[in-house]
Amino acid sequence: LLVAALRPAPPQLGTIMAQLNAQPIRRTAAPSGSAPTWAPAGLTAFAARHLGAAEADLVILGRARSELAVTKIGWAAGGALLPPVFWVLLAAGGIHPPWAIPAVASLVLAVLAWVNPSRQVAEDAATARTQFRAALAAFLALVGLERKARGSPAEALEEASRVSGSRPFALIHSEVLRAELAAQLPWDALRDLGHRIGVDELVNLADIVSTAADGAAVFDTLMAEARSMRHADLTAQQTQASLANERLTLPTVALFVCFGALLVYPAAARLVGGS
């Protein structure tokens, strides 16, 4: 009985057929998880309209607007409540600071906590786009090889997107599969995805593959585009490494200056005291 209860039940044929025949649902951002229900719906809707985050950033991260709104509300509420809690603890210990101090601190912390999630989303989206472009360079080469081995550009896109399970490949594969089920051209779907996530290189890929559908030979073009993207990615990594090296140089210089000041200070103090 225990084994029968834990064993997955066979799928219902009617349910599967209904899912295949259903119209695809287009989402601006696929939620990575259900939003908490502790926040009031009206407050969440208001926060979702004033997120301060770009729609393309949310789409490439797979986050829903309501999820980010609840996160911002939670951070802002926590920042606003932290100073009054310290004020109560100080008052319980016999220290009575002016009430204006926690009031101003609550306002400042609430604003900073409200802005921080949107700033973090922008940084994560920039990192995700960098990773997407790096994966897209490999995807371009795979599409070129598949296009040379197969006759259909649509088959080349689908087979190349199955190679990896990373998020960039998963996004491309799901978009190509959705286009196939919706009887839509896959390069049009990828072009739309490139606009929605803010990756122009994906739009260029869709344009190249669309010319292949008209009978053009695009193997060399795809390979050249892949090499160009790899070189651009390498240049960006070298630039980031140089900036990181410069940031590490400043603390080292400051440390040597402080160490030199410690060495010079006793002699300077004796000299000043003797004069």
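Where is Arg 162 found? Arg 162 lies in the loop between α7 and α8 (167-181). Helices and strands here are DSSP runs (H or I of at least four residues for helices, E of at least two for strands), numbered from the N terminus. Arg 162 is partly exposed, with a relative accessible area of 48%. On this scale, buried means under 20% relative accessible area, exposed means over 50%, and partly exposed lies in between (1.4 Å probe, protein chains only). Ser 174 is 12 residues from Arg 162 in sequence, and their C-alpha atoms are 9.8 Å apart in space.

The model is predicted: local features need pLDDT of at least 70, side-chain atom pairs count only at pLDDT 80 or more, and totals for chains, interfaces and linings use all residues. Residues are numbered from 1 along each chain as its sequence is written, and side-chain values use heavy atoms, with hydrogens and water left out.

The protein contains 11 helices and 0 strands. Along the sequence, the pattern reads α-α-α-α-α-α-α-α-α-α-α. Of the 275 residues in the protein, 29% are buried. Contact means heavy atoms within 4.5 Å. Among contacts between residues at least 6 apart in sequence, 63% join residues at least 24 apart.

Helix α5 covers residues 65-92. Its 28 residues should span 40 Å at 1.5 Å a residue, and its end C-alpha atoms are 41 Å apart, which agrees. The expected span is 1.5 Å times one less than the number of residues in the helix. The buried residues of α5 are Glu 67, Leu 68, Ala 69, Val 70, Lys 72, Ile 73, Ala 76, Gly 79 and Pro 83. These buried residues pack against α3 (41-49), α4 (55-61) and α6. Phe 86 is also found in helix α5. Phe 86 is partly exposed, at a relative accessible area of 49%. Just after α5, Gly 94 has a positive phi of about 95 degrees.

Helix α6 (residues 100-149) holds Val 121. Val 121 counts as buried, at 1% relative accessibility. Leaving aside residues up to four places away in sequence, Val 121 touches Ala 53, Asp 57, Leu 58, Leu 61, Arg 63 and Leu 68. One of these, Leu 68, is among the buried residues of α5. Gly 52 is 69 residues from Val 121 along the chain, yet their C-alpha atoms are separated by 9.8 Å.

The loop between α8 and α9 contains Ala 183. Ala 183 counts as exposed, at 75% relative accessibility. Phi of Ala 183 is near 55 degrees, a positive value in a residue other than glycine. Most residues other than glycine have a negative phi.

Pro 186, Trp 187, Ala 189, Leu 190, Leu 193, Gly 194 and Ile 197 are buried in α9. Seen down the axis of α9, these buried residues fall within an arc of 155 degrees, so they line one face of the helix. The arc is that of the directions from the helix axis to the C-beta atoms. An α-helix has 3.6 residues a turn, so residues three or four places apart point the same way. Just after α9, Gly 198 takes a positive phi of about 75 degrees.

Helix α7 (residues 153-161) packs with α9 at an angle of about 50 degrees, and their axes are 9 Å apart. Axes are lines fitted to C-alpha atoms, for helices over the stretch in contact, and angles run from 0 to 180 degrees between N-to-C directions. The angle makes α7 oblique to α9. Angles under 35 degrees count as roughly parallel, over 145 as roughly antiparallel, 65 to 115 as roughly perpendicular and the rest as oblique. Pro 153, Ala 154 and Leu 157 of α7 meet Pro 186, Trp 187 and Leu 190 of α9. By class, this contact has 6 nonpolar, no polar and no charged residues. Ala, Val, Leu, Ile, Met, Phe, Trp, Tyr, Cys and Pro count as nonpolar, Asp, Glu, Lys and Arg as charged, and the others, Gly among them, as polar.
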